[in-house]
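Here's a quick tour of a fold, from the whole chain down to a single residue pair. Have a look at the model before reading on.

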Amino acid sequence: MQAVPVLLVTQDDALWQHWRQIDALGWLPARGHALQDIARWGDAQRGLVVIDADLPRLPAWNDTAWQSVADKTRILIGSSRLDDAEATRALAMGAWGYFHAYVPAAALAHILQTVSLGEIWIGRSLVQRLLRQVSQAGTERADWAGGLTEREVDVARRAAGGISNQGIADELGISERTVRAHLSAIFEKLGVTDRLALALKVHGIQHA
């Protein structure tokens with residue numbers, strides 16, 4: 001399998017040495033130092049870019065400087081101090097992912113693979129926050145649960161509200177393994193791939 005190029009943008013030598021370990025996992029890392037390097041990478045039609053959130057002189061996430069580079073690349077943000085508010089701003093700018101900068105190389109390779117397939121990568125705490133916001137924003141549709149069993153409906157409602165698998169298990173008196181099995185069946189029956197998509201379906205909110 002041919003290695004996939006990815007631009008790793010950081011001025012931190014220790015972080016670069018950590019990130020470049022993905023070169024043994026099917027990726028071809030190149031180093032960048034500034035926003036201009038991302039623009040050149042995008043112009044060359046190379047898709048994936050990982051940016052150090054602590055990069056000096058990094059424009060604010062709402063700065064128009066991001067517009068052109070975000071249109072040409074799939075940007076992921078690596079931060080050593082995870083912050084849901086920063087993640088939300090970065091995703092609003094057009095980023096495809098937000099993760100802890102020092103995740104193991106195998107985890108970073110998995111994140112890159114996920115984004116390369118067109119999926120967004122965000123942390124659990126932000127997902128739960130978004131689920132709560134969706135739950136508060138709308139009322140439950142009457143027809144969302146077609147084809148689900150009564151127990152699956154119970155699990156789906158709780159998952160859509162941001163309750164963890166263990167929390168659902170505790171509330172319903174079942175095992176966490178059973179909750180995971182129910183969620184797999186729910187996702188398949190409703191044609192969704194994750195909890196956020198489930199929440200949007202439950203509350204009748206359209207998404208792209």
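What percentage of the 208 residues of the chain count as buried? It comes to 42%. Keep in mind that this is a predicted model.

As for contacts with a separation of 6 or more, 59% of them come from residues 24 or more positions apart.

Now the secondary structure. The chain has 10 helices and 5 strands. Those 5 strands make up an open sheet with parallel pairing, in the order E2-E1-E3-E4-E5. The edges are taken by strand E2 (27–32) and strand E5 (97–100), each of which pairs on one side only. On average, neighbouring strands here are turned by 25 degrees against each other, direction ignored.

For reference, here are the strand ranges:

| Strand | Residues |
|---|---|
| E1 | 4–9 |
| E2 | 27–32 |
| E3 | 48–52 |
| E4 | 74–79 |
| E5 | 97–100 |

Let's zoom in on the E5 end of the sheet. Strands E4 and E5 run parallel and are joined by 4 bridges. Leucine 76 stands opposite glycine 97 in E5.

Which helix lies across E1, E2 and E3? That's helix H2, residues 35–43. Helix H2 runs at about 160 degrees to E1. One of the strands it lies across, E2, is also an edge strand of the sheet.

Key: Residues are numbered from 1 along each chain as its sequence is written. This is a predicted model: local features need pLDDT of at least 70, side-chain atom pairs count only at pLDDT 80 or more; totals for chains, interfaces and linings use all residues. Side-chain values use heavy atoms; hydrogens and water are left out. Two strands pair if DSSP finds at least two bridges between them. Helices (H or I, at least four residues) and strands (E, at least two) are DSSP runs, numbered from the N terminus. Axes are lines fitted to C-alpha atoms, for helices over the stretch in contact, and angles run from 0 to 180 degrees between N-to-C directions. Contact means heavy atoms within 4.5 Å. Buried means under 20% relative accessible area, exposed over 50%, partly exposed in between (1.4 Å probe, protein chains only).
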